[in-house]
Amino acid sequence: MAWFKRKDKGIQTSTEEKKDTPKGLWYKSPTGKIVDTKELEQNFYVSPEDGYHVRIGSKEYFQILFDNNEFKELDATLESKDPLKFEDTKKYPERLKAAQDKTNLKDAIRCAVGKSKGKDLVIACMDFAFIGGSMGSVVGEKIVRAADYSLKHNIPFMIISKSGGARMMEAALSLMQLAKTSVKLAQLAEAGIPYISLCTDPTTGGTTASFAMLGDINIAEPGALIGFAGPRVVKDTTGKELPEGFQTSEFLLEHGFLDFISQRKELKNKINQYIDLITNQPLRA
């Protein structure tokens with residue numbers, strides 16, 4: 001049984017021959033559950049261990065909602081400028097460039113049109129990875145242009161919100177987007193074109209105060225943080241203890257601010273089901 005005995009002392013593998021475990025093989029949810037990333041992707045980026053909905057971006061939502069992940073992106077090259085010459089720890093153009101290089105996105109939203117369960121749908125999806133999904137001039141402009149496309153072609157419109165609020169580097173120009181997008185959504189309503197709003201984690205600030213809560217149907221993913229100011233600010237302002245689950249999608253549903261909460265795997269079916277009901281069309285299987 002000589003093969004049980006260590007012939008040489010210590011580890012003999014040279015540094016060059018050592019192999020590191022590749023990054024991204026596992027995902028750890030906030031509740032401590034460990035999930036294989038491939039299994040997570042196949043489960044619509046929802047932890048099968050505890051149902052936690054992992055934050056995803058426009059790439060993943062388009063993959064989930066558009067048939068065969070086929071779509072045409074709208075206004076893909078639109079970029080923010082620096083009209084206020086804003087500078088904090090960085091100049092705004094430098095911050096934009098860093099965010100673009102890191103995320104491979106032009107700004108915090110992407111808009112596209114494609115088939116969803118066989119029928120056309122326009123989707124504007126925010127990306128939290130780009131400066132916290134902050135709403136600046138480009139976000140507002142792309143939403144308006146996407147809504148115009150819906151109006152012109154009589155196609156249902158959907159916005160997926162995931163945002164920390166208005167972008168401070170554009171100050172009042174960011175705040176103007178609240179009114180700008182709200183007016184355009186009112187035009188959709190007048191034309192009888194369905195608008196579906198999906199709130200994901202997190203949906204806060206000016207986004208919540210405008211287009212995120214103006215849907216013909218307002219829906220959310222489980223456990224999403226949805227509110228205007230953060231819980232700490234609300235608590236300090238009111239001087240009161242906040243209820244359990246305050247500002248979660250479940251809390252908002254209970255208090256009448258949402259129409260329903262949808263698991264991500266059911267999202268495509270639910271959205272198209274409600275579009276069919278709103279437009280008085282036969283329900284798609």
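Predicted model: local features only at pLDDT ≥ 70, side-chain atom pairs only at ≥ 80, totals over all residues.
Which residues of α5 are buried? They are Ser174, Gln177, Leu178, Thr181, Lys184, Leu185 and Leu188.

How does the span of α5 check out? The helix covers residues 171–190, and its 20 residues should span 28 Å at 1.5 Å a residue. The C-alpha atoms at its ends are 31 Å apart, which agrees with that figure. After α5 comes Gly192, with a positive phi near 75°.

Two packed helices are described by the angle between their axes and the distance between the axes. For α4 and α5, the angle is about 10° and the axes are 8 Å apart. Since angles under 35 degrees count as roughly parallel, α4 and α5 are therefore roughly parallel to each other. On the α4 side, the contact is made by Ser137, Gly140, Glu141, Ile143, Val144, Ala147, Asp148, Ser150 and Leu151. The α5 side brings Leu173, Gln177, Lys180, Thr181, Lys184, Gln187 and Leu188. Sorted by class, this contact has six nonpolar, six polar and four charged residues.

Helix α2 (residues 58–65) packs with helix α8 (residues 267–278) at an angle of about 65°, and their axes are 9 Å apart. Angles of 65 to 115 degrees count as roughly perpendicular, so α2 and α8 fall into that class. Tyr61, Ile64 and Leu65 of α2 meet Leu267, Lys268 and Ile271 of α8. By class, that gives five nonpolar residues, one charged and no polar ones.

Next, a look at strand β5 (residues 119–126), where Lys119 sits. Is Lys119 buried or exposed, or something in between? It counts as partly exposed, because its relative accessibility is 34%. Setting aside neighbours within four places in sequence, Lys119 is in contact with Gly114, Asp276, Gln281 and Arg284. Lys119 and Asp67 are 52 residues apart in sequence, yet their C-alpha atoms are 9.3 Å apart in space.

What about the cysteines? A disulfide is a covalent bond between the sulfur atoms of two cysteines. With a cut-off of 2.5 Å between the sulfurs, the count is zero disulfides. Cys111 is in none, and the nearest cysteine sulfur, that of Cys125, is 9.1 Å away. Cys111 is buried, since its relative accessible area is 1%. Cys199 is in no disulfide either; for Cys199 the nearest cysteine sulfur is again that of Cys125, 12 Å away. Cys199 counts as buried, because its relative accessibility is 0%.

Finally, zoom out to the whole chain. The protein has eight helices and nine strands, and its C-alpha atoms fill a box of roughly 85 × 50 × 45 Å along the principal axes. Of its 285 residues, 42% are buried. Among contacts with a separation of 6 or more, 66% come from residues 24 or more positions apart.

How values were computed. Residues numbered from 1 in each chain as written. Heavy atoms only, no water. Buried < 20%, exposed > 50% of the residue type's maximum accessible area, 1.4 Å probe, protein only. Helix = DSSP H or I, 4+ residues; strand = E, 2+ residues; numbered from the N terminus. Expected span 1.5 Å × (residues − 1). Axes fitted to C-alpha atoms, helices over the stretch in contact; angles between N-to-C directions. Parallel < 35°, antiparallel > 145°, perpendicular 65-115°, else oblique. Contact = heavy atoms within 4.5 Å. Nonpolar A, V, L, I, M, F, W, Y, C, P; charged D, E, K, R; others polar.
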